[in-house]
Amino acid sequence: NSWGADDMLRIRLGDTAVMVTAVSKTKPSASQFMPLVVDYRQKAAAAGRIPTNYLRRELGSTDKEILTSRVIDRSIRPLFPGGYFYDTQILCNLLAVDGVNDPDVLAINGASAALALSDIPWNGPIGAVRVGLVDGETIINPTRKQMSSSALNLVVAGAPQNQVVMLEATAENILQQDFCHAIKVGVKHTQQIIQGIQQLVKEQGVAKRTVQKLFVAPEEIVECISRDEAINKIRLETEEQLKEKFPEAEPYEIMESFSVVSKDIFRNLVLNEYKRCDGRDLTSLRDIKCEVNMFKMLHGSALFQRGQTQVLCTVTFDSLESSVKSDLISTAVRYVYLWCYFPPYATNEIGKVTGMNRRELGHGALAERALKPVIPQDFPFTIRVTSEVLESNGSSSMASACGGSLALMDAGVPVSSAVAGVAIGLITKCSLEKGDIEDYRLLTDILGIEDYYGDMDFKMAGTNKGVTALQVDLKLPGIPIKIVMEAIQQATAAKREILQIMNQTLAKPRPNRKESGPVVETIHVPLSKRLRFVGPGAYNLKKLQAKTGVTVSQLDEETYSVFAPTPSAMHEAREFIHEICKDDQEVNLEFGAVYTATITEIRDSGVMVKLYPNMTPVLLHNSQLDQRKIKHPSVLGLEVGQEIQVKYFGRDPTDGRMRLSRKILQSPATTVLKTLTDKNSIVLGGTVPQSSTSSQ
């Protein structure tokens, strides 16, 4: 349809459905890169829900939507032709979700099919699967229930001939051999999806459009740039000389020609001489420096520097109630957060500091996935780790994982093991005829320029034992599994070397959290005291939280949890609670016993009485004052201060009010008078009050 999308496709798995559209302009853009935009959107209606905001509609993109969009982008971008600078947009709308099958992998396959069936130039298709590991068994596209007990969450995007295009994984510190096996199984199953899409393309008879122009560097300009110029002269001087020699050339052609020569020199140095631009060999790490406990008042802090990449990580504890549900589609609750801040000064630039952008969100999510598996699930606080990138020249996300691990141990979080991460790069030499890889070199701990001129950004994090996170981005349309396996092996060796350096600074978590850290205590509040403790309209709780800064949450009918950001705040909270409850102490009363009560107030409906001096008065209703029906207590000659005998019948199970009766004592039954002695009250620290004794 000339008035609609280049291609529109609906894809289903179970009852989960995603609609994917692909549109690409026929006129080139002014951009000097591939202007591809991928947007994945989750509509609340897909889950049968209505957004809870004021407008009752979807607002900005959620973290889940942005991260899924990035995964789709990283899967399809490498397969666009070089120099295809035409505005292209992929939109993935979630139509329905069944709560069993996750829609993110479905969206990747939908985008692949939509591009393959369109006339947009694209060297696909690709296929994507999710791989789980449950009880040692590898499962392809596991259900959400299976994923809840899976030790691995691996997304594999593959190309024809068992090529790998994209990898993204979170693992519960699984062994390297299990991880490698899961990748191989995942790639194998992607081939079935690819064959299905290829068959669909064949049936539809799709023809790709003829591109007006691919933006590549002209050979005559490239040949004019010598090795000496590329190395010894700055870009602006070289470009000015080229403009004089090629006055009709477009500005992009001049700049791209310079980049082609620079890239060629850089890559040949690695391929032929096994040398890198900073003088290291292919497997060497940059110099690493670590420091912890940077600021005494913070719950935890660490500085991690690797070459010209430097991050400052901090840890903050808060109450479990401060964790939030991600979105309406996902039912998971996050108790660990890691945010990565990437200010412009980190790369010696000037820029506007705004909210979290996609890059920061992606970097933080990767580092969070690396650290979360080693944090105990029963940790009593919500953990927020921040990573401030002070300087960046390669793999700031892996530096954030290293710094975050040190900061967690500095804060006294009992992590099961330290975590380190490293980025592996790839330089390839491809045949001119078939485009197959003839030769390649893997680079450990890559620089920014090695990422820019290289073919792969392979980020892996884990412990000495196994793997916790992986993210692989390629600029090639696919690489053999063999290279992936070698990269994992090289990353494992580098990871262990980094951990040895980190252990010299802090080898294990501190035995105790800092004195300035938060405190959690439980309070036992008898049902009869709940109204007094909470106050009308929760007034007392609101006042307690506003005055002391603590957070109070109810665990069960008689138990409350109090979170205080500091020990001093908890001390203030204790004093406040004792203050509001000090006049409401009581003894444990015996059911059916007779007690002496003092009248404190005469009301139309009855009399207010106390059984002991510091008790909150309770109402003895007219119906319980006498065998006869009365309308006012005065007819019985009752006065304030008068002592009367009452019988105790426990408490109302609904509101905890004390049930007393004077009327029942007018019957001929024998009564036993009880005298009150011991007292107890609301107990802090989680100890349930013991029963007190009464004397006769």
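# Rings, strands and a buried serine

Reader: Is tyrosine 648 buried or exposed?
Author: Tyrosine 648 has a relative accessibility of 7%. Buried means under 20% relative accessible area, exposed over 50% and partly exposed in between (1.4 Å probe, protein chains only). Tyrosine 648 therefore counts as buried.

Reader: What kind of model is this?
Author: Residues are numbered from 1 along each chain as its sequence is written, and side-chain values use heavy atoms, leaving out hydrogens and water. Local features need pLDDT of at least 70 and side-chain atom pairs count only at pLDDT 80 or more, while totals for chains, interfaces and linings use all residues, since the model is predicted.

Reader: How many aromatic pairs does the structure hold, and how are the rings of phenylalanine 80 and tyrosine 84 arranged?
Author: The structure holds 11 aromatic pairs. Rings of Phe, Tyr and Trp (its six-membered ring) pair if their centres lie within 6.5 Å; planes under 30 degrees apart count as stacked, over 60 as edge-to-face, and the rest as tilted. The rings of phenylalanine 80 and tyrosine 84 have centres 6.1 Å apart and planes at 15°, so this pair is stacked.

Reader: Over how many bridges do β25 and β26 pair, and what stands opposite lysine 647?
Author: β25 and β26 pair in the antiparallel sense over 3 bridges.

Reader: How many residues of strand β7 are buried?
Author: β7 (residues 152-159) is joined to strand β5 (residues 127-134) by 6 antiparallel bridges. It also pairs with strand β8 (residues 163-174) in the antiparallel sense, over 8 bridges. β7 is largely enclosed by the rest of the structure, because the buried residues number 7 of the 8.

Reader: Which residue in the hairpin of β7 and β8 takes a positive phi?
Author: In β8, asparagine 153 has threonine 170 as its bridge partner. The hairpin has 3 residues between the strands, and the residue with a positive phi near 65° is glutamine 161.

Reader: Which residues is serine 400 in contact with, leaving aside its neighbours within four places in sequence?
Author: Serine 400 sits in helix α10 (residues 396-410) and counts as buried at 0% relative accessibility. Its side chain makes a polar contact (N or O atoms within 3.5 Å, one able to donate a hydrogen and the other to accept it; residues adjacent in sequence count only if both are side-chain atoms) of 2.7 Å with that of serine 387. The serine 400 side chain also reaches the backbone oxygen of serine 396 at 2.8 Å. With contact meaning heavy atoms within 4.5 Å, the residues are Val311, Cys313, Cys340, Ala367 and Ser387.

Key
Helices (H or I, at least four residues) and strands (E, at least two) are DSSP runs, numbered from the N terminus. Two strands pair if DSSP finds at least two bridges between them.
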